[in-house]
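These are my notebook entries on one structure, kept in the order in which I looked things up.

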Amino acid sequence: MGLKLGELIAEYDVPGAQVAVLAGGEIRDEAAGVLSAHTQVEVTNDSVFKVGSITKIWTATLVQQLVDEGLLDLDRPICRHLPGFTASLTARHLLTHMGGIAANHFFDTGRNGDAIERFADAIAAEEHPVPPGTAFSYSNSGFVVLGRLVEVLRGRQFHDVLRERLVTPLGLRAVATDADEAIFHRAAVGHHEDGSPVTEWAVAYGTAPSGSHFAMSARELLEFVRLHLDDPKLAVLRETQVDAVPDLGIGVIGWGLGWMLHRDGVVGHTGVSKGQKAFLRVAPDAGVAVAVLTNSVLGEPLAHRIFTEARTTG
């Protein structure tokens with residue numbers, strides 16, 4: 001990059017950020033700024049930032065593992081495993097945001113081990129006027145249902161499956177699957193537009209599979225991406241499932257199974273969570289990926305600047 005990250009966060013008024021680049025099989029990372037404008041603790045490469053909806057790719061990966069093991073068929077009704085949902089709703093519908101489930105629900109199901117189960121049950125009990133498979137509508141709640149599906153088929157809580165199936169096998173250390181784990185790391189705090197820190201880490205745990213709690217370093221995020229580039233079985237998640245989506249303002253032209261599809265074969269996802277913004281772009285054919293994690297609602301222009309420079313210098 002032409003400018004160092006410290007200069008970029010000053011230019012874009014972002015308190016702290018991490019950037020990691022995967023190219024030629026190697027990951028390079030950089031950190032700058034502070035975790036919180038209040039504490040002034042510096043950001044390091046092993047600090048953890050909330051990744052928001054980038055979590056959805058991890059959830060989709062757990063679902064695909066179930067498919068690979070013969071435990072789940074993406075095109076059979078999920079009511080076989082989650083009674084109460086309409087007989088026409090499939091896991092593929094949920095992975096592609098074609099499930100007809102409203103974008104967000106605000107059930108307070110607490111922070112106990114049954115939070116995701118109770119959240120999914122409440123969604124099932126609601127009326128869903130849009131039939132599955134008829135319209136694209138980005139749905140955080142739909143991914144909560146997928147998280148519950150993972151819990152049922154694995155017989156374990158979602159965060160335990162996440163750690164056992166992905167975090168631990170990949171040897172990731174700078175990762176927190178929930179708020180209780182985050183306190184053991186140098187954790188970034190989100191910031192409002194005026195630069196003041198937010199006062200809440202996350203909403204209730206019931207929405208974790210869609211992106212409310214997961215935090216990690218930019219390097220660890222790209223170690224996960226490396227898995228996707230190296231494992232042929234996971235390439236199916238990047239295949240086009242929906243080729244016409246509404247303009248979300250982030251350059252998305254289609255959807256895979258969890259992945260956002262951009263132009264020129266680039267895939268990725270964006271995450272927003274309590275004053276933090278995270279950005280991931282991957283060019284699978286080139287074996288290149290860039291992750292930008294910020295602790296500010298103002299992080300998007302910074303990320304686009306970095307992505308632009310990465311394209312012109314790569």
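In what order do the strands of the open sheet run, and is the pairing parallel or antiparallel? I find 7 strands in the order β2-β1-β10-β9-β8-β7-β6, with antiparallel pairing. The model is predicted, so I note its limits: local features need pLDDT of at least 70, side-chain atom pairs count only at pLDDT 80 or more, and totals for chains, interfaces and linings use all residues. Residues are numbered from 1 along each chain as its sequence is written, and side-chain values use heavy atoms, with hydrogens and water left out.

**Entry: sheet.** I take strands (E, at least two residues) and helices (H or I, at least four) as DSSP runs, numbered from the N terminus. Two strands pair if DSSP finds at least two bridges between them. At the edges stand β2 (26–33) and β6 (254–255); each has a single partner strand, so one side of each is left without a neighbour in the sheet. I then looked up β9 (276–283) and β10 (288–294), which pair in the antiparallel sense over 7 bridges. A283 has V288 in β10 as its bridge partner. Helix α1 (5–12) packs on the sheet and touches β1 (16–23) and β2, its direction making about 50 degrees with that of β2. Contact here means heavy atoms within 4.5 Å; axes are lines fitted to C-alpha atoms, for helices over the stretch in contact, with angles from 0 to 180 degrees between N-to-C directions.

Entry: Is P209 buried or exposed? P209 counts as buried because its relative accessibility is 0%, where buried means under 20% and exposed over 50%, with partly exposed in between (1.4 Å probe, protein chains only). P209 is in the loop between α7 (179–182) and β5 (215–216). Leaving aside residues up to four places away in sequence, P209 touches T55, K56, T59, I116, F143, V144, G147 and F158. N112, in the loop between α3 (91–95) and α4 (115–125), counts as exposed because its relative accessibility is 58%. N112 and G206 are 94 residues apart in sequence and 8.7 Å apart in space, C-alpha to C-alpha.

**Entry: pocket lining.** Which element gives the most to the lining of the second largest pocket? I find that β8 does, with 5 residues. A pocket is an open set of points on a 1 Å grid over the protein atoms alone, where a 1.4 Å probe fits, with protein on both sides within 12 Å along at least five of seven lines; lining residues have an atom within 4 Å of a point. The lining has 31 residues, of which N104, N140, V203, T207 and S210 lie nearest the centre.
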